[in-house]
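Subject: Structure handover

Hello,

Here is the structure you asked for. My notes on it follow below.

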Amino acid sequence: MIEIKNETEKVILVGVSLSDQDDTKESLEELKDLVSTAGAETVGMVIQNREQQHPGTYVGKGKIEELKSMIWELRATGIVCDDELSPAQMKNLQDELDVKVMDRTLIILDIFAARASTSEGKIQVELAQLKYQQTRLAGFGKAMSRLGGGIGTRGPGEKKLEMDRRLIKSRIAQLNRELKDVKKHREVTREQRSRSHIPVAAIVGYTNAGKSTLFNAICGDFLTDAGSIELDGRDITFMPQHARAKEIGRLYQDPMRGTAPGMTIEENLALAAGKGGWLSHTTKQEKERFREELKKLDIGLEERMSHPVGLLSGGQ
């Protein structure tokens with residue numbers, strides 16, 4: 001029996017420090033978290049002090065030689081640069097190092113591609129990826145081929161991403177039209193929500209910023225060790241979770257932590273709305289009324305209501 005294993009990609013992070021006061025080291029630590037989120041392992045970091053980035057290769061010749069040695073010694077499969085690379089820089093580094101060359105922007109787009117779930121989100125991610133690649137087709141050599149797989153290669157797929165500039169331009173135009181239609185639908189939904197006077201708030205933050213942690217603290221999954229939580233002017237910081245659940249409806253990211261393990265997104269929303277959770281216990285008319293109310297909320301999960309709630313990310 002042949003056992004097939006998915007090898008974790010090993011990358012070296014590369015940054016350029018333009019002054020003694022900049023935060024290049026902290027920025028690379030943040031990039032390390034992003035690379036981990038994308039599914040790769042950081043095996044080394046390189047920082048070069050320069051007055052400006054090298055226009056052709058991002059770092060100087062000496063650092064390129066150092067990177068060649070590190071790639072061989074650490075068996076790295078690629079490098080990730082902390083700044084967005086120009087098409088020329090990406091191509092030249094690719095030629096010099098003969099490994100996959102990525103930058104911060106590509107890693108972030110890769111994470112978005114892996115997590116996009118709504119039709120609008122998928123369109124926006126594909127648009128961003130195509131626009132990014134439109135000017136970099138020459139810089140994506142064999143190491144960045146869609147056939148190679150790995151981080152930096154997820155998203156629309158081989159056929160769409162390996163096409164020439166003319167086809168990419170055509171695809172971008174098509175996606176812009178689709179996005180325009182989606183936005184029109186969004187505007188209609190927002191108007192309905194505005195007329196129904198349903199207040200909406202959002203927790204917005206960078207990848208790994210702590211959105212899920214904040215959300216779980218508000219809903220009482222754990223007690224906070226600092227600060228306070230108020231609901232309608234009442235301090236609920238130490239209110240037990242079971243009592244808080246009667247006042248704050250929520251979608252459980254982990255299905256085993258909900259009141260009913262394994263429930264769908266729609267069922268969990270019904271529970272949050274005080275409908276008892278399992279819609280199978282309600283009449284057809286009640287289900288339809290509930291689904292109409294969900295449409296007014298415009299939460300962006302309309303196409304995934306029958307999916308298990310555990311498939312949601314913290315941001316969703």
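Contacts here are heavy atoms within 4.5 Å. Residues 24 or more positions apart make up 63% of the protein's contacts with a separation of 6 or more. This is a predicted model, in which local features need pLDDT of at least 70 and side-chain atom pairs count only at pLDDT 80 or more, while totals for chains, interfaces and linings use all residues. Residues are numbered from 1 along each chain as its sequence is written, and side-chain values use heavy atoms, with hydrogens and water left out.

The protein has eleven helices and six strands, taken as DSSP runs (helices H or I, at least four residues; strands E, at least two) and numbered from the N terminus. Of its 316 residues, 40% count as buried, meaning under 20% relative accessible area, with exposed over 50% and partly exposed in between (1.4 Å probe, protein chains only).

A nonpolar core is a set of buried Ala, Val, Leu, Ile, Met, Phe, Trp, Tyr and Cys residues joined through side-chain atoms within 4.5 Å. The largest has 35 residues, and Ile 12, Tyr 58, Ile 79, Val 80, Leu 93 and Leu 97 have the most contacts inside it. Elements giving two or more residues to this core include strand E1 (10-17), helix H1 (24-38) and strand E3 (78-81). Another core, of eight residues, lies apart from it and includes Leu 127 and Leu 175.

Beyond its neighbours within four places in sequence, Val 80 is in contact with residues including Val 11, Leu 31, Met 102 and Arg 104. Arg 104 is in helix H4 and counts as buried, because its relative accessibility is 13%.

The axes of H4 (residues 104-115) and H5 (residues 119-134) come within 10 Å and cross at roughly 155°. The two helices are therefore roughly antiparallel (angles over 145 degrees). Among the residues that meet are Leu 109 and Phe 112 in H4, and Val 125 and Tyr 132 in H5. By class, this contact has seven nonpolar, two polar and no charged residues; Asp, Glu, Lys and Arg count as charged, Ala, Val, Leu, Ile, Met, Phe, Trp, Tyr, Cys and Pro as nonpolar, and the others, Gly among them, as polar.

Two backbone points remain. Most residues other than glycine have a negative phi. Tyr 58 has a positive phi near 70°, and Arg 75 one of about 55°. Tyr 58 is buried at 0% relative accessibility, whereas Arg 75 is exposed at 70%.

Regards

Methods
Axes fitted to C-alpha atoms, helices over the stretch in contact; angles between N-to-C directions. Parallel < 35°, antiparallel > 145°, perpendicular 65-115°, else oblique.
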